[in-house]
Amino acid sequence: MLDVTNLQKTFGGLVAVKSLSFQVPDNSILGLIGVNGSGKTTVMNCINGIYHASGGSIRFGGTELAGRRPHEVTRLGIGRTFQVPRLFRRLTLIENLLIPVLGTEPTDKALTDKAEALLDEVDLHRIRDNYAEELSGGQQKLVELLRVMMFDPALILLDEPFAGVHPNLCRVFIDQIVKLKERGKSFILVSHDMTSVYRLSDHILVLNQGETIAEGNASDIQNNPAVVEAFLGR
Ligand SMILES: Nc1ncnc2c1ncn2[C@@H]1O[C@H](COP(=O)(O)OP(=O)(O)OP(=O)(O)O)[C@@H](O)[C@H]1O
Ligand SMILES: [Mg+2]
């Protein structure tokens, strides 16, 4: 589904991503982990067009994404959430879900029904008319996922969905990820919550200073001395 080859991103003299290659197969979850500043968010920003990659290629279903703008990447079928949620703070929950997609389905009624069903699934329908800024940080992250679902993307990039979120709400979020994967979606999951990454990911990539230092399944990663050293020191 996604094929990243020799991706590079530099900021002046700082090399944030160094010749990184990986793939996300159909209907799979790639876990992306690494210490602070290792380049995880930068990779997501290059994929969805917030940053222009300095080199390499990013192909999605055979289509080159390099040079495309975020709204084009969204239309091609890649949704994302942000490390710090970016909702429209002075719009209501239902408006946050509807505004980006108005005009994409035959009737606004169909879109409203879809938004209401999504809110209902995570027990937020009762506060559909509250302003987004009135939500907790964790609830905002969940609403971002629902907003992504309004587009029904094939690939969803999740940047730290569990950071600072109460375990009960994390469970709701995880249930959504599992359900969406059962419906055929793929994910790139960036998280410092190793338990969730190990549980959810089909394949894990460990970044350090913009490079892959290890990859494999959960047990490969847990037992890899280079990973232990990168996270905990010698
Ligand atoms: N817009 C930017 N301008 C300059 N440097 C940047 C920019 N964005 C990221 N960087 C640098 O790139 C490196 C990677 O940052 P990035 O945000 O991708 O890390 P991360 O792995 O997501 O970290 P964290 O776990 O803290 O979220 C860091 O050194 C960061 O300072
Ligand atoms: Mg980050």
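How many other C-beta atoms lie within 10 Å of Gln176?

Reply: For Gln176 the number is 18, and the residue is therefore partly exposed. A residue is termed buried if 20 or more other C-beta atoms, placed from the backbone, lie within 10 Å of its own, exposed if there are 12 or fewer, and partly exposed in between. The structure is a predicted model, in which local features require pLDDT of at least 70 and side-chain atom pairs count only at pLDDT 80 or more, while totals for chains, interfaces and linings use all residues. Residues are numbered from 1 along each chain as its sequence is written, and chains are lettered from A and ligands numbered from 1 in the order in which they are written.

Gln176 belongs to helix H6, which covers residues 167-182. Helices (H or I, at least four residues) and strands (E, at least two residues) are DSSP runs numbered from the N terminus. When residues up to four places away in sequence are left out, Gln176 touches Val122 and Leu145; such a contact requires C-beta atoms, placed from the backbone, to lie within 7 Å. Glu121 is 55 residues from Gln176 in sequence, yet their C-alpha atoms are 9.0 Å apart in space.

The chain around this helix has 9 helices and 10 strands. Of its 234 residues, 36% count as buried. The C-alpha trace spans about 55 × 40 × 35 Å along its principal axes. Among contacts between residues at least 6 apart in sequence, 65% join residues at least 24 apart.

One sheet of the chain is open and has 6 strands in the order E6-E7-E8-E3-E9-E10, with mixed pairing. Its edges are strand E6 (78-80) and strand E10 (211-216); each has a single partner strand, so one side of each has no neighbour in the sheet. The twist from one strand to the next averages 20°. Two strands pair if DSSP finds at least two bridges between them. Within this sheet, strand E3 (residues 29-34) pairs in the parallel sense with strand E8 (residues 186-190) over 4 bridges, and in the parallel sense with strand E9 (residues 203-208) over 5 bridges. On the E8 side, Ile29 stands opposite Phe187 and Leu30 opposite Ile188; on the E9 side, Leu32 stands opposite Leu205. In E3, 6 of its 6 residues are buried. One face of E3 carries Ile29, Gly31 and Ile33, and the other carries Leu30, Leu32 and Gly34, all of them buried.

A further open sheet consists of 4 strands in the order E2-E1-E4-E5, with antiparallel pairing. E2 and strand E5 (63-64) are its edge strands, each pairing on one side only. Helix H1 packs on this sheet and touches E1, E2 and E4; the direction of H1 makes about 65° with that of E2. For such angles, axes are lines fitted to C-alpha atoms, for helices over the stretch in contact, and values run from 0 to 180 degrees between N-to-C directions. Strand E1 (residues 2-11) is joined to strand E4 (residues 55-60) by 5 bridges in the antiparallel sense, and Asp3 stands opposite Arg59 in E4.

Ligand 1 has Phe11, Leu14, Ala16, Gly34, Asn36, Gly37, Ser38, Gly39, Lys40, Thr41, Thr42 and Gln83 around it, a residue being counted if its C-beta atom, placed from the backbone, lies within 6 Å. Strand E2 (14-24) and helix H1 (40-47) are the elements that give two or more residues to this shell, and the largest share, 3 residues, comes from H1. The shell has 3 nonpolar, 8 polar and 1 charged residues, where Ala, Val, Leu, Ile, Met, Phe, Trp, Tyr, Cys and Pro count as nonpolar, Asp, Glu, Lys and Arg as charged, and the others, Gly among them, as polar.

Two backbone angles complete the account. Ser19, in strand E2, has a positive phi near 40° although it is a residue other than glycine, and Ser19 is partly exposed, with 14 other C-beta atoms within 10 Å. Asp152, in the loop between helix H5 (137-149) and strand E7 (155-159), is likewise not a glycine and has a positive phi of about 55°. Asp152 is partly exposed, with 14 other C-beta atoms within 10 Å.

Conventions
Two residues are in contact if their C-beta atoms, placed from the backbone, lie within 7 Å.
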